[in-house]
Amino acid sequence: MEDYRYCDLHIHTIFSDGLYSPEEVVRKAKELGFSAIGIADHDAVTGIGKAIKEGEKLGIEVIPACEFSCLMEDKDVHILGYLLDYQNPSLESFLKKVQDKRIERAEKIIGNLSKQGIKIKLERVLEIAKNGSVGRPHIAQALLEEGYVSTIEEAFMKFIGYHSPAYVPKMEISPEEALKIIRDFKGIPVLAHPVSYDFEKIIFPLIKLGILGIEVYHPDHTEYHINYFSEIAKKYNLLITGGSDCHGGRKGKLFMGEIKLPYFHLERLKEKKKQLFLDI
Ligand code: AMP
Ligand code: FE
Ligand code: FE
Ligand code: ZN
């Protein structure tokens with residue numbers, strides 16, 4: 001019998017730079033007819049337990065994940081860790097360190113902006129970020145509120161983009177470290193939205209380092225990318241994942257419902273986890 005179940009394995013919540021709470025994400029998933037969703041906040045796992053609870057009520061399976069940022073050839077590359085042991089206190093303390101560095105970095109960016117006569121308050125940025133990983137989207141929102149820009153996109157273009165003078169990099173780990181952390185916490189490492197990078201340069205080194213999957217389906221991927229990344233997945237025996245990368249409207253047009261990943265891909269992900277960590 002045909003399996004009509006679908007998942008969206010890449011969703012952000014208020015615990016990083018998404019606009020929806022974990023519970024809202026689960027309710028939206030239910031409305032949209034998804035069977036499973038992956039909560040994949042930047043450097044945070046805080047929303048996962050809450051989403052799982054809501055998911056149990058509504059019959060939505062919630063897959064734990066975390067989106068790690070690492071530095072490769074001077075560029076920010078995102079690696080998703082799926083099915084990781086999100087309740088492990090050592091993971092939480094590692095992520096706490098990363099989050100504290102993000103606050104220091106926000107302070108530096110705000111300082112740089114102030115030198116340009118752009119005045120926003122760290123307190124407001126932290127308030128916008130609630131208790132989540134603080135990032136440039138929160139700074140962008142503060143810039144919007146103060147009338148310095150009229151869209152989030154404009155804030156990135158004018159003030160806080162990669163090439164702007166106020167830009168400060170995050171605490172970046174190497175891809176080796178990201179893969180080690182994911183493995184230490186029994187997760188499956190997957191390269192997020194490869195179209196965001198010079199992918200022909202980074203995919204093969206990452207495969208050598210032990211990446212196990214590739215996010216083939218993402219709203220930014222064209223038909224060409226989907227075919228290209230699928231071929232690579234086939235050739236190198238990588239898992240295939242996909243998701244909307246929904247930020248609830250904070251990041252352009254990425255919304256839940258954009259990507260409907262057939263459920264068998266999630267089954268393969270789970271099989272991989274069993275094979276690697278439960279068969280010992
Ligand atoms: P950070 O991790 O603080 O460097 O911020 C990166 C995040 O900002 C990404 O994960 C996106 O959610 C968001 N972002 C990056 N570029 C843009 C852009 N041009 N417009 C809106 N959001 C963006
Ligand atoms: Fe983001
Ligand atoms: Fe990302
Ligand atoms: Zn993301």
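This is a predicted model: local features need pLDDT of at least 70, side-chain atom pairs count only at pLDDT 80 or more; totals for chains, interfaces and linings use all residues.
How many residues surround ligand 1, and which are the closest?

View 1. 13 residues surround ligand 1 (a heavy atom within 4 Å). The closest are Asp-17, Arg-105, Arg-136, Glu-153 and Lys-170. By class, the shell has 7 charged, 3 polar and 3 nonpolar residues. Asp, Glu, Lys and Arg count as charged.

**View 2. Polar contacts of ligand 1 (N or O pairs within 3.5 Å).** His-42 places a polar side-chain atom 3.0 Å from an oxygen atom of ligand 1. Arg-136 uses a polar backbone atom, 2.8 Å from a ligand oxygen. A polar side-chain atom of Glu-153 lies 2.9 Å from a ligand nitrogen. The protein covers 87% of the 490 Å² of accessible area that ligand 1 has on its own (Shrake-Rupley, 1.4 Å probe).

**View 3. Elements and domains around ligand 1.** α3 (89–115), α5 (136–145) and α6 (152–160) each give two or more residues to the shell. The largest share, 3 residues, comes from α6. Helices are DSSP runs of H or I with at least four residues, numbered from the N terminus. Domain 1 (6–87 + 172–278) and domain 2 (96–159) both contribute to the shell, so ligand 1 lies between them. Domain bounds come from an automatic or database assignment.

**Notes.** Residues are numbered from 1 along each chain as its sequence is written, and chains are lettered from A and ligands numbered from 1 in the order in which they are written. Local features need pLDDT of at least 70, side-chain atom pairs count only at pLDDT 80 or more, and totals for chains, interfaces and linings use all residues, while side-chain values use heavy atoms, without hydrogens and water.

Notes:
A polar contact is a pair of N or O atoms within 3.5 Å; within protein, one must be able to donate a hydrogen and the other to accept it, and residues adjacent in sequence count only if both atoms are side-chain atoms.
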